[in-house]
Structures are given as structure tokens and as C-alpha cells.
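Reader: I would like to learn how to read pockets, helices and paired chains in a model. Where do we start?

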There are 2 protein chains.
Amino acid sequence: MKNEAHEQGVLVRPRIHIGDDIEIGPGKIDLLCHVADGQSISAAARSLGMTYKRAWLLIDTLNQGFGRPVVETTSGGKGGGGSRLTPLGEALVARYQALEAKLSQAAQPELDALCALAK
Amino acid sequence: MKNEAHEQGVLVRPRIHIGDDIEIGPGKIDLLCHVADGQSISAAARSLGMTYKRAWLLIDTLNQGFGRPVVETTSGGKGGGGSRLTPLGEALVARYQALEAKLSQAAQPELDALCALAK
């Protein structure tokens, strides 16, 4: 799952809290994108430099927060099983990326003012 | 330094990268706000549940990133010295909060769509 906003050099990546139980930020979204790409939690963890346990815990906090899974794991079969995003997981990534794109466009003047402090 | 956006129940707190050297997110901004309130890095660290060392390192990464300090420390004097935001530090907090308010307002439809996934 390509993140087109990134390719445009976007700098705002929001962290969103929904109620007390759900926290969604760039780390979890990147993890879900990597799971979607490689169909594997362990490969996703590896490419992000985190342990499998941490990746699994991050995903599980989402599963628990939403009360239903964002990643589903299939065991066995021809490919030896793997993991993939559920429709909820896919919607979550898509909604987050839409938000990210909207924010980055809307906030350009404020972003420019902030960046000007570094000059 | 009160964060009025928080009081309105805002849920988007951006993390901003300026070049390779500056990363500004809610943690550093909260820390700066606490330093401004208490005029002390150690009191700010304590109230945020972090060590003095971590608080100092977070502030120093900003100082280094901007190439000039966001917090200045005065030693001795009647109050035994303390720390306060520099004009740059104050501008940084103000610009971040303006961005946060703008984002939260601009992104309401996308936020609503994201929150609807949790229902």
C-alpha cells in the first residue's frame, strides 16, 4: 500500500485518539502498510526494525481497541500461511491516509510559519 | 501556557519533521509548555513522569536542531535560578498550537469517518 502523501514530501503525520482505547499514529499505520505489502507480520516487523512481539502487540492493541481484528492470520496452505489486513484494517489505513493528505494541504500556511522558525 | 485546543476535545496532534534535524511532536511541545509554566526543567520532567535527563535531552535535540536554544537556564539569583523558554521556544509552541487548531478544524470530516470505524 503506497503512501502517496509521503511521495509529495508531506510532513504532518497525525496521532489520533478515539475514546480511551484506540490510538492511531504513523507507527501503527506504517506497520499495517507493511503487513499489507508482505502479507506477513514478521517480515513487516523486520523491515521496520522492531521485534515480532512488538509488532504483534501494536496490532493487538488495535484489535482490542476496535473490538475486532485489523489483521487476520491464515495458517498452513500452499504458502505456509501468512497475515493480511481485514476490511477494517484496510479502511483504517485508507482513512488515515485521506486524513494525512487533507491535513497536509489545509495546514500549509501554518506549516510554512513553523518551518520559518528553523531558518 | 494553556492549550485551548485540548479543552475543546481536539484529537489530532501532529508530528512535524523539518529537514533531517528537527522533529517536533506533542511530547516536546507538552514539555516546553510545562517548562514555561513552572520555570523549571526538573519540575516539568517530574510532572510528565520522565527523568530530568530525558527532558533535557528532548530539549537539547530542539536546541541542536534549530542551532539556537528553545530553553534558557538562569543560575543563582533570588529564586535559585530556573529555566524559561526563549523567544524561539515561545514561538515554536505558539506556531505548533496554531497548527494543531487549524488541523483539528480542517480535518473534522475525515476524523469523523475514522471514528466511525470504531462504532
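Author: With a definition: a pocket is an open set of grid points with protein on both sides within 12 Å along at least five of seven lines. This is a predicted model, and its largest pocket holds about 180 Å³ of space.

Reader: Which elements give two or more residues to the lining of the largest pocket?

Author: They are β2 (22–24), α2 and α4 (52–66) of chain B. With three residues, α2(B) gives the most. The lining includes B:Pro26, B:Gly27 and B:Lys28, and also A:Arg15 from chain A. By class, the lining has three nonpolar, two polar and five charged residues.

Reader: What is the volume of the second largest pocket?

Author: About 160 Å³. Among its lining residues are A:Arg15, A:Arg54 and A:Leu58, and α2(A) provides the largest share, three residues.

Reader: How is the length of a helix checked?

Author: The expected span is 1.5 Å times one less than the number of residues. Helix α2 of chain B (residues 26–38) has 13 residues and should therefore span 18 Å, which agrees with the 18 Å between its end C-alpha atoms. Among its buried residues are B:Ile29, B:Leu32 and B:Val35. Just after α2(B), B:Gln39 takes a positive phi of about 55 degrees.

Reader: How are two copies of a chain related?

Author: In general, by a rotation about an axis and a shift along it. Here, a rotation of 180 degrees with 0.0 Å of shift superposes chain B on chain A, with an RMSD of 0.0 Å. The two copies are therefore related as by a two-fold rotation axis. In chain B, the C-alpha nearest the axis belongs to B:Pro14, 2.2 Å from it.

How values were computed: Residues numbered from 1 in each chain as written. Chains lettered and ligands numbered in written order. Predicted model: local features only at pLDDT ≥ 70, side-chain atom pairs only at ≥ 80, totals over all residues. Heavy atoms only, no water. Least-squares fit on C-alpha atoms with pLDDT ≥ 70 in both. Helix = DSSP H or I, 4+ residues; strand = E, 2+ residues; numbered from the N terminus. Buried < 20%, exposed > 50% of the residue type's maximum accessible area, 1.4 Å probe, protein only. 1 Å grid on protein atoms, 1.4 Å probe; cavity = no way out; pocket = protein on both sides within 12 Å on 5 of 7 lines; lining within 4 Å. Points joined across faces, edges and corners; volume = space filled by probe spheres on them. Nonpolar A, V, L, I, M, F, W, Y, C, P; charged D, E, K, R; others polar.
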